[in-house]
Amino acid sequence: MKKSLFISTLAAAGMVAGFASAGTLQDIQAAGVLKCGVGTGTAGFAAPDASGYWEGIDVAVCRAVAAAVLNDKDAVEFVPLTSKVRFSSLNSGEVDMLSRTTTWTFSRDVDLALTFVGINYYDGQGFMVPKDLGVSSALELDGATVCIQTGTTTELNIADYFRVNGMTYEPVPIDTAAEAQAQYLAGACDVYTTDSSALASSRSTFENPDAHVMLPEIISKEPLGPLVRHGDDQWADVVRWTMNALIAAEELGITSANLESLAAGSNNPEINRFMGTEGTLGEMLGLEATWAAQAISAGGNYGEIFEATIGESTPIGLARGLNAQWTQGGLMYSPPFR
Amino acid sequence: MADLSFVRTDMLPDQPAPLGETGVLRWLRTNLFSSIPNTIITIAAIYAVYFTLSHFLPWAIQPSWTKTSMRDCFDSVEVTGACWGVVTERFNQLMFGFYPPDQQWRIMLTVVLMLAAIAPVLFDKIPRKALVFSAIYPFLAFWLIWGDSVWAPAMVMAGFVIAYYIIKFLNPVAGAIVGITTAVLVAVIWWLYAVVPVSIFINNIIPIELDIVKSREIGGFALSIIIGVSGIALSFPLGVILALGRQSDMFIVKVLCVGFIEFIRGVPLIALLFVASTLLSFFLPKGTSFDLLLRVVILVTLFAAAYLAEVIRGGLAALPTGQYEAADALGLDYWKSMQLIIMPQALKISIPGIVSNFIGLFKDTTLVSIIGLLDPVGLTLAIRGDVDWAGILWELYLFIALMFWIFTFSMSRYSMYLERKLKTSH
């Protein structure tokens, strides 16, 4: 059994090696499928449903890219990656892009030879405490026991924060988010700290969410976004501008509802350039003229994706906050399509 | 007075034994309350069992099998403990991963056929001709699980058949070395150059195909069983060869075997899995998609084989030298003496060790969740990623533990049966 698999794989390897010199974009178009690295299960960001269909805001980015490149939002092979193997899988070519709640940091961008192409969620580290504790600010947490996930930036952030404010704390190191939640609920620690989006989604699953409050302080910057390998700028451009297209579409008022009528042409030249009825933006990118419209058709614009996956209408219930359009006081800002 | 007698002529009827010396009471007295320390231990143990069950059962026995989310369980008045709805809803996923639902019969069929294929290997009462099916089975299973044309695995199998007949007919004529070398050469050339065109050609005439299923879609217990069973099946012959090689008088063979065993045993399995998932793809040309599942199976096999070799070496060392000398005295060559005299005894001695190795290997398959394969433990993460089931913990782990226990317990019972059957001492 293994021998036959081995041989057919060798044959496939020989065939694939023939294309290997071409760019990532050409490889994907030849294969007809985008290999996208996602998380192994983060509520609202990436998780398979009961029938194995992947959903979440990270997954939506993959689907939008697949729709822009291949005109099929389901032409994606989702590769679940743990935080330990995600970067090496991207660098070794096992996935074409990574969209996996990954914080954009200096060392990852520069030292690990990765290219971050945008931000799909501005996160920050927060604190959650039981209401009974009677704490209303993180500055009142002197001497508290804190549940922290080890090996993440949260561990370093909280050490910095408590040192700067001259406070002490007792860490309870924990390996996974699920375990951290169980320990917190069992009363092993007074405070649970991690990215505030994860805190909110964790709180939404408690039996009694109202018995817990999130403190107003956000102590770190955690810009999460998709990334690709260094060295293939054309492919980086495709992912970057697909991400930008999702954001710009919300700003321009292009939604999945009015997409078809706008594709016929409108009196706004920027929308026309965006939809490919004017100009040659798609051709410059090496894609079809309607690439941006295809990307929007996958799951709507950024605002629609946000609302459908982690927004206030979902159980996770995150407000737009920093992730609103720049015109609404947020940080979502796409360079112009020109 | 003549009938006066001092000897009883009729038997007294049997008296029932005193109440404290029969039945339940006696059993209790001799086994549970025979002395004061035993009494104390008994009472403590009964309390421990009661304490555990009185907490566990009210939690576990809940009318929550039809609930569709954690919130559903929280809101329901009658559910106060475990939320079993997750097992109902995700049962298929925990069993088959993302295998297409309309194709899942293929996995079931593979497992049923596996039992049929193993039977003649394990039970000697079944006719020996059934072993032919056992030989065909690996190729059949490969086709059933991954799909595509039946002719590709069939043609790969044909390579073995060709090699077998070459050896059969050439050996008497040209000697063993020429026969085996020719057979291996022809088989390799057949696999490299003929299998693909021939199977495509035959498939054009008689197309027998199943839908292709990618390795990425296989998950849950199906994945554990595939990795575990192929690891066990492949590591056994390799382990036997390594054990023999380690005892060999030939310097290079011995050094290679010792080096391999000591290297693999000195490295944790998780490190090998990371090698499989990340390091290997750096060595291969960019863009090559060497199946991750295959890489994992290969490294798991190597890992298990190294441990197995040492277990079998223990069996070999336990045999008295007289057995080796007797085999030599009968004029048997090395392979014949191993096959007929040494190995049957050595393997019999090693059965408990071999089986516990296999059980360990099967449970170790859960480590693949760390490299992102969705085995049952990996799926718990994915299921918690669904907002409906976020935060669910014990229900899933208990279910998975129970399933693993069923598999491993049947393996250990089987090993005990085998030991009894092969027992020759008195």
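Predicted model: local features only at pLDDT ≥ 70, side-chain atom pairs only at ≥ 80, totals over all residues.
**View 1. Crossing of helices α2 and α9 in chain A.** Helix α2 (residues 24-31) of chain A and helix α9 (residues 233-252) of chain A have axes that come within 7 Å of each other and cross at roughly 70°. Because angles of 65 to 115 degrees count as roughly perpendicular, α2(A) is described as roughly perpendicular to α9(A). On the α2(A) side the contact is made by A:T24, A:L25, A:Q26 and A:I28, and on the α9(A) side by A:Q234, A:W235 and A:V238. Sorted by class, this contact of α2(A) with α9(A) has four nonpolar and three polar residues, with no charged residues.

**View 2. The kink in helix α14 of chain B.** Helix α14 (residues 334-364) of chain B spans only 35 Å between its end C-alpha atoms, whereas a straight helix of 31 residues would span 45 Å at 1.5 Å a residue. Within α14(B), a kink of about 60° lies at B:S350, shortly before the proline B:P352.

**View 3. The two domains of chain A.** The domain assignment of chain A gives domain 1 as 23-122 + 224-328 and domain 2 as 125-220. Taken over C-alpha atoms, the centres of domain 1 and domain 2 of chain A are separated by 31 Å, and six residues of domain 1 are in contact with four residues of domain 2.

**View 4. The domains of chain B.** For chain B the domain assignment gives domain 1 (40-83), domain 2 (88-99 + 215-422) and domain 3 (148-210). The centres of domain 2 and domain 3 of chain B, taken over C-alpha atoms, lie 28 Å apart.

Technical notes
Residues numbered from 1 in each chain as written. Chains lettered and ligands numbered in written order. Heavy atoms only, no water. Axes fitted to C-alpha atoms, helices over the stretch in contact; angles between N-to-C directions. Helix = DSSP H or I, 4+ residues; strand = E, 2+ residues; numbered from the N terminus. Parallel < 35°, antiparallel > 145°, perpendicular 65-115°, else oblique. Contact = heavy atoms within 4.5 Å. Nonpolar A, V, L, I, M, F, W, Y, C, P; charged D, E, K, R; others polar. Expected span 1.5 Å × (residues − 1). Bend = angle between axes of the 7 residues up to and from the residue. Domains from an automatic or database assignment.
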